[in-house]
Amino acid sequence: MSQLFPYPLLIIFLIIMWLLLTSFSLGQIIVGTVIALVAAQGMAALQPAKPRLKRWDLLLKLIGIVLYDIARSNIAVTRIILQGNKRKRKSGFMTIPLNLRDPIGLTILAVIITSTPGTAWLGYNFAQGTLLLHVFDLVDEAVWLDLIKNRYEYFLLEIFE
Amino acid sequence: MNHVADFPLWMAWFVAAFLIIGAGLTLIGSFGLYRLRSFYDRIHAPTLGTSWGTAAIVLASIIYFSVLQSRPVFHEILIGIFVTITTPVTFMLLGRAALYRDRSEKNPEVPAMDSPKSILDELKLMDKPESVYLESGERE
């Protein structure tokens with residue numbers, strides 16, 4: 001069973017994607033299912049680490065929080081760009097020690113940090129578990145440290161570890 | 001309902017508002033890319049266009065075509081998902097390339113390279129000596 005359907009969620013998402021891109025009909029469902037099964041076999045051949053989601057409810061909450069934060073930082077960065085050089089602004093690098101080690105958790109953190117205007121992920125040191133960030137408006141390092149550690153990493157640790 | 005003339009006015013305001021927000025954010029992001037001075041500042045500006053810039057235009061499109069075709073239209077969500085998943089790849093590639101260049105030029109404004117000690121630690125982590133012993137049976 002798991003040989004034939006190695007990634008059930010991936011298969012379901014691929015079928016939904018195929019139906020959204022084409023149309024809802026029996027023929028498209030068959031074609032979409034075949035494509036999804038072949039793609040899942042290809043994915044299994046890569047042997048990636050299987051994600052172990054522990055808390056679905058928290059994942060939804062995290063998505064909500066991130067959408068809100070992205071909207072807020074959109075406004076903040078827009079304001080800074082439109083103000084030009086009138087306001088004193090300091091941007092800079094900062095290093096954040098992370099407790100999160102799960103590769104998929106780190107991937108999601110990277111997507112969150114990169115999608116949020118104002119923060120950019122520049123590097124992750126596997127040996128020391130530290131993350132190198134560039135922050136656009138680095139007024140107070142503690143605020144950003146608190147945001148990454150207590151807001152995002154807290155949820156990702158709960159979800160994956 | 002297949003004609004634009006039948007489109008309800010209050011809905012049109014919604015669609016127009018989302019389009020203007022999305023297009024405006026993308027424009028401001030591009031302007032920031034042009035105006036800002038340092039490379040690391042500049043990589044922040046286009047994320048306006050890839051976050052809510054895209055999201056607002058996608059929402060406007062979903063509302064417009066859902067009303068016009070009298071059925072829910074969702075395939076724009078795929079655009080949003082793909083943009084969100086793929087942009088970090090480009091941004092991290094650009095950021096890391098710039099960091100690598102600045103470090104090799106010994107630019108004092110960027111943080112220094114990781115110490116050699118950390119690379120040794122990394123090798124140690126990859127080795128996992130305990131599990132190797134157990135597998136070869138020398139410990140048992």
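How many Å separate the centres of domain 1 of chain A and domain 2 of chain A? Taken over C-alpha atoms, the answer is 33 Å. To see both, colour 8-46 of chain A as domain 1 and 56-160 as domain 2; these bounds come from an automatic or database domain assignment.

Before going further, some ground rules. This is a predicted model, where local features need pLDDT of at least 70, side-chain atom pairs count only at pLDDT 80 or more, and totals for chains, interfaces and linings use all residues. Residues are numbered from 1 along each chain as its sequence is written, while chains are lettered from A and ligands numbered from 1 in the order in which they are written.

**Stop one: helices 1 and 2 of chain A**

Select residues 8-21 of chain A for helix 1 and residues 26-46 for helix 2. (Helices are DSSP runs of H or I with at least four residues, strands are runs of E with at least two, and both are numbered from the N terminus.) Two packed helices are described by the angle between their axes and the distance between the axes. Here the angle is about 140° and the axes are 8 Å apart. Axes are lines fitted to C-alpha atoms, for helices over the stretch in contact, and angles run from 0 to 180 degrees between N-to-C directions. That makes helix 1 of chain A oblique to helix 2 of chain A; angles under 35 degrees count as roughly parallel, over 145 as roughly antiparallel, 65 to 115 as roughly perpendicular and the rest as oblique.

Now show side chains. Among the residues of helix 1 of chain A that meet helix 2 of chain A are Leu14(A) and Trp18(A), and the helix 2 side includes Gly32(A) and Met43(A). Contact means that the C-beta atoms, placed from the backbone, lie within 7 Å. By class, this contact of helix 1 with helix 2 of chain A has 13 nonpolar, three polar and no charged residues. (Ala, Val, Leu, Ile, Met, Phe, Trp, Tyr, Cys and Pro count as nonpolar, Asp, Glu, Lys and Arg as charged, and the others, Gly among them, as polar.)

**Stop two: helices 3 and 5 of chain A**

Next, pick residues 56-83 and 141-160 of chain A, whose axes come within 10 Å and cross at roughly 160°. Helix 3 and helix 5 of chain A are therefore roughly antiparallel to each other. Look for Leu58(A), Leu59(A), Leu62(A) and Ile65(A) in helix 3 meeting Arg151(A), Phe155(A), Glu158(A) and Ile159(A) in helix 5. Those contact residues divide into six nonpolar, no polar and two charged.

**Stop three: where the chains meet**

Bring in chain B: 34 of its residues are in contact with 30 residues of chain A. Which element of chain A gives the most to the side that touches chain B? Helix 3 of chain A does, with seven residues. The chain A side divides into 19 nonpolar, eleven polar and no charged residues.

**Stop four: chain B**

Select residues 9-35 of chain B for helix 1, where confidence in the chain is highest, at a mean of 91; pLDDT is the predictor's confidence in each residue, from 0 to 100. Finish at residues 128-140 of chain B, where the pLDDT is below 50.

Methods:
Two residues are in contact if their C-beta atoms, placed from the backbone, lie within 7 Å.
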